Amino acid sequence: MDKRTQLINALTELKNASMLFKSNPTILDKYKIMFCDTDCKILDTPFLEDCCNTYFSMGITTEELLKIIPGVCQQLNLKYVPVLMRNASNQMLQTHYEIQLW
């Protein structure tokens, strides 16, 4: 299975699990992933990358993940926002994405 398909499956599973978090607070424990909000619906790609590699055993790099996130999110109708930071030269660089699962 290619990494794009694996990421689609992983995001779908994480979305479904996060939607059940309020009624089952331990459902996300097995993924060992941190969310950016109390509803567990927004995550940053560094945490997603770690989950993809530890729980889903994808072996995906940061560069690969950043490259396929836009297309995968569009396919799944997920909102995503690039996160920008200034480097030492005061230039804005994209460092990762924030993804809203639902």
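Which residues in α1 meet which residues in α3? The views below take this up, starting with that contact. The model is predicted, with local features needing pLDDT of at least 70 and side-chain atom pairs counting only at pLDDT 80 or more, while totals for chains, interfaces and linings use all residues. Residues are numbered from 1 along each chain as its sequence is written, and side-chain values use heavy atoms, leaving out hydrogens and water.

**View 1. Contact of α1 with α3.** From α1, K3, R4, L7, I8, L11 and T12 meet E64, L65, I68, I69, G71, V72, Q75 and L76 of α3 (contact means heavy atoms within 4.5 Å). By class, this contact has eight nonpolar, three polar and three charged residues (Ala, Val, Leu, Ile, Met, Phe, Trp, Tyr, Cys and Pro count as nonpolar, Asp, Glu, Lys and Arg as charged, and the others, Gly among them, as polar).

**View 2. The buried residues of helix α2.** Here you can find T45, L48, E49, C51 and C52, the buried residues of α2 (residues 45–54) (buried means under 20% relative accessible area, with a 1.4 Å probe and protein chains only; helices are DSSP runs of H or I, at least four residues, and strands are runs of E, at least two, numbered from the N terminus). Down the axis of α2, they fall within an arc of 165 degrees, so they line one face of the helix (the arc is that of the directions from the helix axis to the C-beta atoms). Their cover includes α1, β1 (42–44), α3 and β3 (92–100).

**View 3. Contact of α2 with α3.** T45, L48 and E49 of α2 make the contact with T62, L65, L66 and I69 of α3. By class, it has four nonpolar, two polar and one charged residues.

Terms used
Buried means under 20% relative accessible area, exposed over 50%, partly exposed in between (1.4 Å probe, protein chains only).
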